[in-house]
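Please have the sequence and the model open as you read.

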Amino acid sequence: MSVFQKPLSRRHVVGAGVAATGAILLPSMGRADPTMDRLMSTGTVIVGIANEKPYGYVETNGKLVGAIPDVILAALEPHGVKDMKAEIVEFNALIPGINANRFDIIGAGMYIRPKRCEAIAFTNPVTRAGYGFAVLKGNPKGVHSIAEVAKHADAVVGTQNGSAQVEELAKAGVPKERVVLFTNATEALAGLKANRCDVIYFPGLELNELLKTANDPDVERVDPFEQVMGPNGPEYGYGAMGLRKTDTDLKAALDGEIARMLKSGKLLEIISKYGYGREELPTEADTAEKLCKA
Amino acid sequence: MDILHVPPFDLLPQLLKGAGVTLKVTLITAGVAFLLSFVVAFARMAPLRWVRILAAVYVEVLRGTSAIVQLFYLFFILPAFGVSLNAMTTAVIGLGMNLSAYGSEVVRSGIGAIGEGQHEAAKALGLSRVQTYRFVILPQALVIMMPSFGNLLIELVKATSLVSLITLTELTFSGRQMVVTTGRAFQVWGLVLVIYFAMAYPLTWLVRLAETRAARFREG
């Protein structure tokens with residue numbers, strides 16, 4: 001009698017279960033961190049990005065650039081890594097992507113957030129930045145902070161799906177019906193121009209790059225803009241590299257180089273190419289561990 | 001002056017690269033889906049009950065769930081179970097299986113449209129079951145199926161934009177990337193529309209050609 005005519009026996013089910021568990025556990029056994037080993041032996045790192053300026057994006061000639069990929073390459077060069085390959089995915093596919101081994105490092109300028117820390121590990125931050133609004137010329141709704149949007153009768157705010165901003169808007173009390181989620185900043189800008197929303201809310205540097213690239217006289221940044229205030233001053237977003245939780249050696253190597261580059265001024269030198277300034281540098285006290293708890 | 005340096009044509013090289021990926025995914029998937037459609041349709045008409053049930057479940061599950069979620073599952077969840085397919089393979093398998101669920105119904109309705117008399121006549125002539133399908137039923141049924149398959153094929157050209165989720169830079173995704181790098185949304189999306197049409201329209205001619213070829217026996 002062939003297997004196909006018999007109903008699945010308990011042995012089959014248990015066997016399949018053992019095989020599946022083995023497939024999940026085996027790669028993580030043996031050496032502590034196979035990713036670091038592979039990076040050092042092949043000299044190539046695969047970086048997952050969402051193709052966003054200025055964090056990580058691909059130029060028209062196909063070259064991977066951006067503040068985060070540049071920091072990754074500088075940090076891994078001492079460990080023998082010479083090449084970066086980009087995997088471009090949508091922002092909300094970055095975390096599933098790294099956990100499915102589709103790439104080694106998330107180099108998309110993702111902010112360290114307690115919820116994300118449940119799924120992935122972060123290096124210590126390499127950037128620290130506030131947020132901003134962009135509006136149609138003249139700021140028709142006259143809003144200068146997300147608190148004002150929350151209080152406003154009908155102002156609709158657009159931002160990026162899966163981003164830290166969504167959480168902040170909810171915390172500030174902006175009702176869900178007045179938040180429109182876009183795939184990325186360029187689509188949010190198109191939405192703003194098409195009156196799908198009245199204001200778009202993004203990290204300040206991303207807005208700068210967006211408006212510079214779009215070069216559109218009908219759109220402007222809101223100035224002055226009031227940052228969300230926490231107990232210890234403005235609530236910044238801390239951008240870091242995302243890693244698999246099992247890649248502890250890679251995290252140690254990156255954290256070591258980040259600390260060195262932060263001290264030597266190399267970090268500022270790299271990220272200043274992309275519009276970051278001294279005030280966008282994190283301090284040594286801003287560790288991933290601390291920010292994951294915040 | 002080189003035409004590729006005049007806006008909006010400077011966008012073309014990257015967009016055409018994306019169009020190439022779209023075309024590749026479309027053609028391979030179409031082949032896979034076409035074959036699978038027949039396999040599934042025949043499975044639904046199989047004499048064994050459990051084969052029929054299995055095929056029915058396949059069709060209903062794949063038609064009844066969203067293709068983008070299926071792709072997400074294949075690409076991001078399956079590796080956790082030790083099955084890691086590359087992006088192109090995932091795209092072809094995911095879209096191919098999804099499309100074959102619809103295609104199998106096209107096949108089934110095509111075959112069902114051939115009257116019982118044809119089966120009886122074939123039997124009277126002493127043809128075997130396989131011969132009956134090979135020489136009598138399928139040649140007539142194919143003519144009926146062709147327009148619906150053509151519809152599905154054109155649908156597929158555009159459904160390939162879903163594979164941007166799984167890291168493949170096809171036409172829509174390369175358009176989106178070009179908007180990020182250049183900010184020229186109007187020009188980029190205009191060109192993307194034109195390129196899609198330029199790919200889909202010739203396919204309608206191809207399908208018409210296939211229709212004529214399938215109906216050739218009627219002249220003879």
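What follows covers the ground rules, a disulfide, several salt bridges and one asparagine.

## Ground rules

This is a predicted model, in which local features need pLDDT of at least 70 and side-chain atom pairs count only at pLDDT 80 or more, while totals for chains, interfaces and linings use all residues. Residues are numbered from 1 along each chain as its sequence is written, chains are lettered from A and ligands numbered from 1 in the order in which they are written, and side-chain values use heavy atoms, with hydrogens and water left out.

## The disulfide

Over all chains, the structure holds one disulfide, the term being used for a pair of cysteine sulfur atoms within 2.5 Å. A disulfide is a covalent bond between the sulfur atoms of two cysteines. Here the partners are A:C117 and A:C292, with sulfur atoms 1.9 Å apart. Distant parts of the chain are linked by this pair: A:C117 sits in helix α5 (residues 114-119) of chain A and A:C292 in helix α12 (residues 288-293) of chain A, 175 residues apart. Helices (H or I, at least four residues) and strands (E, at least two) are DSSP runs, numbered from the N terminus.

The torsion about the S-S bond of A:C117 and A:C292 is about -80°, so this disulfide is left-handed. A:C117 is buried at 11% relative accessible area, whereas A:C292 is partly exposed at 22%. Buried means under 20% relative accessible area, exposed over 50%, and partly exposed in between (1.4 Å probe, protein chains only). Another cysteine, A:C197, is buried with a relative accessible area of 2%.

## A salt bridge across the sequence

Side chains of opposite charge can pair when their charged atoms come close. The structure holds 19 salt bridges over all chains, each a side-chain nitrogen of Lys or Arg within 4 Å of a carboxyl oxygen of Asp or Glu. One of them joins A:D104 and A:R244 at 3.7 Å, N to O. A:D104 lies in the loop between α4 (94-99) and β5 (105-106) of chain A, and A:R244 in the loop between β16 (242-243) and α10 (248-264) of chain A, so the pair ties together parts that are 140 residues apart in sequence.

Are these two partners buried or exposed? A:D104 is buried, with 2% relative accessible area, and A:R244 is buried as well, at 9%. Both belong to a network of salt bridges that also links A:R38 and A:D247.

## Salt bridges within helices

In helix α9 (residues 204-214) of chain A, A:E209 and A:K212 lie three residues apart, about one turn of the helix. Their side chains meet in a salt bridge of 3.4 Å, N to O. A:E209 is buried at 11% relative accessibility, but A:K212 is exposed at 60%.

Helix α10 of chain A holds A:E257 and A:R260, three residues apart, about one turn of the helix. The closest N and O atoms of their salt bridge are 2.9 Å apart. A:E257 is buried at 9% relative accessibility, while A:R260 is exposed, with a relative accessible area of 54%.

## An asparagine in chain B

Over in chain B, B:N98 is found in helix α4 (residues 87-112) and is buried, with a relative accessible area of 10%. Which residues does B:N98 contact, leaving aside its neighbours within four places in sequence? They are B:L62, B:T65, B:A67 and B:Q70, where contact means heavy atoms within 4.5 Å.

With B:Q70, the side chain of B:N98 also makes a polar contact of 3.0 Å. A polar contact is a pair of N or O atoms within 3.5 Å; within protein, one must be able to donate a hydrogen and the other to accept it, and residues adjacent in sequence count only if both atoms are side-chain atoms.
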